[in-house]
Amino acid sequence: MNALISLEQALDKLMTTIPSPSLENTETLSLAQAQNRICAQQIISPINVPSFDNSAMDGYAVRLADLEKSLTLSISGKSFAGIPFEGEWTAQSAIRIMTGAMIPAGTDAVIMQEEVIVNEDGSITVSQLPKLGQNIRRIGEDVKKGDVVLNIGAVLNTVSLPLLASLGIPEVKVFPRLKVAVLSTGDELVPVGKPLGEGQIYDTNRFAVKLMLEQLNCEILDFGILPDNEEQFEKAFIEAQQQADLVITSGGVSVGEADFTKTVLEKVGQINFWKLAIKPGKPFAFGKLPHAWFCGLPGNPVSALVTFYQLVQPVIAKLSGIQNYKRPQQLMAISVNKLKKSPGRLDFQRGFYHVNAQGQIEVQAVGLQGSHVFGSFVKSNCFIVLERERGNVEAGETVTIEPFNHLLG
């Protein structure tokens, strides 16, 4: 009998076994096409940002030497964004300036317009001397020419893409979208939307997996539902791995007579590990096929979702080219109710957490915790993570929680 391996051991095997994508296999996209893609080049700024000293406020550009003689100054001209001051800046005067406008040569500070008095003759009176450099954005203050602004493996999003646009960079190299083949096994499964027969259930696992893959910006190859027929399954399995980078199955990895996914995997490729010391999600399989990697999810819907979230999510990140993948954040919380737990497996229970009036994080289990009970997810916003050897938890004890990220939130 194979020994159960821990989640940490499984993640270590995944991350050390799976390679990052090759830099020789990239594509170049315009910034408008690159949303949520993974950067495949180190990007160095070709310019300074800002490219010139400019004003951080609507106000007046001044020279400290003029103000030391008098706090009242005449106005020599104006500087607007895109229309800099080009006249003669006479002594004992200021220049009216707008936010983003080029700083006239010789400026020591910009005084915001709310801090001056405009006199009837058009001159201004300053209440106090400004500090040197006040309200001036210096050239290269945000980004200096030659700075590394993005590294290989960065996600191109609504923060990084506008940064590239501000540097005048029109296109970027990215890794190809990961191709993921998805298939379910089981004579009892029926596609969502069709009527159920006696003893049948809807194929919610494949539907849920596809939704998560869409959020992870994968290209999905849907092989549908396969009957409990080893020959047909093997044929589809081989076809899927020839077209995809990753094959994900749902069901068929347990120990029943019709659970032959593991058998076919060992025949077609190799199995790296099978059976985890987690609950739900014990029958999870990971392996290598001739042309693709493989993750076999359990058939129970909660088990499938938990194993996808904890194991497949980092697999996809690594295969997609994401560097420095961060595992789900963990926090400490006070359990509001008693939690049932048997030692032996790391337990992921569905919970709802909030911050109480005292500023403490509290959490309570939501609904039944069986691996078949999917409805409790709708009312949950976190996993309650109970250590492998921990037993029952009494109300008031401290537990670890993992707030759901964008896949489940």
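Arg-206 is buried, with a relative accessible area of 11% (buried means under 20% relative accessible area, exposed over 50%, partly exposed in between, using a 1.4 Å probe and protein chains only). Its side chain meets that of Asp-222 in a salt bridge, at 2.8 Å from N to O. The whole structure holds 11 salt bridges (a side-chain nitrogen of Lys or Arg within 4 Å of a carboxyl oxygen of Asp or Glu).

This is a predicted model: local features need pLDDT of at least 70, side-chain atom pairs count only at pLDDT 80 or more, and totals for chains, interfaces and linings use all residues. Residues are numbered from 1 along each chain as its sequence is written, and side-chain values use heavy atoms, without hydrogens or water.

**Arg-206 and Asp-222**
- The salt bridge between Arg-206 and Asp-222 spans 2.8 Å, N to O.
- Arg-206 sits in helix H4 (residues 204-215) and Asp-222 in strand S16 (residues 219-226), so the pair ties together parts 16 residues apart in sequence.
- Helices (H or I, at least four residues) and strands (E, at least two) are DSSP runs, numbered from the N terminus.
- Asp-222 is partly exposed, at 36% relative accessible area.
- A network of salt bridges links Asp-203, Arg-206, Lys-210 and Asp-222.

**Glu-234 and Lys-267**
- Their side chains form a salt bridge at 3.1 Å, N to O.
- The pair links distant parts of the chain, 33 residues apart: Glu-234 in helix H5 (residues 230-243) and Lys-267 in helix H6 (residues 261-268).
- Glu-234 is buried at 17% relative accessibility, whereas Lys-267 is exposed at 59%.

**Arg-390 and Glu-397**
- The closest N and O atoms of this salt bridge are 3.0 Å apart.
- Arg-390 is buried at 17%; Glu-397 is partly exposed at 27%.
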